[in-house]
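Work through the exercises below with the sequence and the model side by side, and try each task before reading the solution that follows it.

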Amino acid sequence: MKAPPLSYVRAATLSEAFQLWRDAGPDARLLAGGQSLLATLAFRLSDPGTLVDIVRLHELRGISQVGGTTIRVGALATHAELGRHDLIRRHLPLIAEAVPLIAHAAVRNRGTIGGSLAFADPAAELPACCVALDAMIVARNAADERRIPAAQFFTGLYATALRPYELIAAVEFPIAKPGERTAVLELARRSGDYAMAGVAAKTRLAGATLIEPQLVFFGVGDRPVVAERAMATISGQQALPATIAAAQAALAADLDPPADRHGSGRTKRHFARVLLARALARLAGLDEARAA
Amino acid sequence: MSAEIAITLTVNGERVARRVEARRHLVDFLRLDLGLMGSHTGCEHGFCGACTVRVNGAIVRGCLVLAASLDGAQVETIEGVSDSGEIRDLQDAFIARNAAQCGYCTPGMLLTAADLLKHNPAPTRAQIREHLSGNYCRCTGYHAIVDAVAAVAAKRNGRATP
Ligand SMILES: Cc1cc2nc3c(=O)[nH]c(=O)nc-3n(C[C@H](O)[C@H](O)[C@H](O)COP(=O)(O)OP(=O)(O)OC[C@H]3O[C@@H](n4cnc5c(N)ncnc54)[C@H](O)[C@@H]3O)c2cc1C
Ligand code: FES
Ligand code: FES
């Protein structure tokens, strides 16, 4: 189908973007990569009236290191840029590993991290990765900037903590600490599809002991789901098959996946258990194929 | 509502100035405003890849880019890369292996394959399949397409055709 009739305005500066957005009213939408927004318009799932194109705002661009501990990623960084950027590959391997799982090359060339987080698809990779990495979402309105922990940013199905006329300016990630390991795994029907279920995982290892493990699932709830009980079960434990089995058992109480076109809630729980075992095995350097 | 937007851009090396409806996507712009019929639309919501074209050197879904947003951009289509001879070997291999059947997916397949070989001149078959996985062929000629891309990679690297 074709998109509904629209108005289009292009902002040259951030302050102009806020002005144009106000003028266009609360139904207007920001246009970043357009890889979700233009698809929903073609389905006529939304009728925003006006699109405010923010893609040329240099204030929202760039990937840089801030001090010794933080990587700041501008909201307009595309998936493709994340995948090839040296700072990301060196300091945020989880993000670099997630990129090839997102859609296809042609979509990754335009889709942005800000758009992915603002769209808040529960099956998307980057929201779960941001939660697993304790990222901060830098939100801006015409007057102010505030930082929202990723774990509090996703508030429901396609819903975020952003307020009216507030946008994502950047995402700030703590640089991976020495000894930190990460992994992102998913099950999808076809390469490039949104995941039926996935997990973003992080831990430090002291010998074989799991320190401060993080397990954040996607595609199994209305937002990224932090598996608190499974995490508590393995924290401080040796990464052994028995520990993995205990985490799989604990996961039952962490997840309550709604049925969707990929299967029943039970099927999704099974996917999540398999992914949990594979992720822990990978983090601990165990045989992944035997762990599930 | 729906006011027209003035854009000036380069399409296959030629400067083009037009006024476009805000909702017009790039492939409709190419086909309906410029008469360049080589870029196709299948699904028009990002899934099939038939609309693949290049913007500023990178492949994109033409159905998920608004023409209005392309002021100043460089667009290249299958017509442009055919005329320049850039992908002649890929085109020859597609014909030799019957990798273009009805031809509907072919422009998108060729541009996606050219993109792969630019970034990864010696891909494995698995890498070829992965890179083409967002391009659907309704005639389901996938094996012939992968064969054609593998043959071109081998030839460009001076190896025997697999
Ligand atoms: C075929 C296909 C397959 C896909 N597969 C996957 C997949 O497997 N995994 C995945 O994660 N994604 C997938 N996507 C979606 C893709 O990752 C999108 O790039 C992403 O969801 C949205 O980013 P965008 O920059 O294109 O945002 P847009 O489409 O431009 O915008 C999306 C929404 O976010 C808002 N927005 C954009 N930027 C900002 C900002 N800075 N601040 C506030 N609001 C903003 C917009 O107003 C809009 O409501 C797929 C898309 C397609 C077409
Ligand atoms: S027409 Fe663009 S992806 Fe199908
Ligand atoms: S050749 Fe017919 S769609 Fe691919």
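**Exercise 1.** Find which element gives the largest share of the shell around ligand 1, and then describe the make-up of that shell.

*Solution.* In this predicted model, the element to look for is α7(A), which provides 5 residues of the shell around ligand 1, the largest share. Step two is to list elements of chain A that each supply at least two residues, and these include β2 (29-31), α7 (113-119) and β10 (167-174). Step three is to take the shell as a whole: 34 residues surround ligand 1, and the closest are A:Leu30, A:Gly34, A:Gln35, A:Leu37 and A:Thr112. Sorted by class, the shell holds 19 nonpolar, 12 polar and 3 charged residues. As for its place in the assembly, ligand 1 lies between chains A and B.

**Exercise 2.** Work out the order of the strands in the open sheet of chain B, and explain why β2 and β4 each have one side without a neighbour.

*Solution.* The sheet has 5 strands with mixed pairing, and across it they follow the order β2-β1-β5-β3-β4 in chain B. Because β2 (14-21) and β4 (58-61) of chain B stand at the edges and have a single partner strand each, one side of either strand is left without a neighbour in the sheet. From one strand to the next the twist averages 40°.

**Exercise 3.** Trace how β1 and β5 of chain B are joined, and then identify which strands helix α1 of chain B touches.

*Solution.* Strand β1 (residues 4-11) and strand β5 (residues 74-76) of chain B run parallel and are joined by 2 bridges; B:Thr10 has B:Gln74 in β5(B) as its bridge partner. Helix α1 (residues 26-33) of chain B packs on the sheet, where it touches β1, β2, β3 (52-55) and β5 of that chain, and its direction makes about 105° with that of β2(B). Helix α4 (residues 106-119) of chain B, in turn, lies across β3 and β4 of chain B and runs at about 50° to β3(B).

Conventions
Residues are numbered from 1 along each chain as its sequence is written. Chains are lettered from A and ligands numbered from 1 in the order in which they are written. This is a predicted model: local features need pLDDT of at least 70, side-chain atom pairs count only at pLDDT 80 or more; totals for chains, interfaces and linings use all residues. Side-chain values use heavy atoms; hydrogens and water are left out. Two strands pair if DSSP finds at least two bridges between them. Helices (H or I, at least four residues) and strands (E, at least two) are DSSP runs, numbered from the N terminus. Axes are lines fitted to C-alpha atoms, for helices over the stretch in contact, and angles run from 0 to 180 degrees between N-to-C directions. Contact means heavy atoms within 4.5 Å. A residue is near a molecule or strand if one of its heavy atoms lies within 4 Å of it. Ala, Val, Leu, Ile, Met, Phe, Trp, Tyr, Cys and Pro count as nonpolar, Asp, Glu, Lys and Arg as charged, and the others, Gly among them, as polar.
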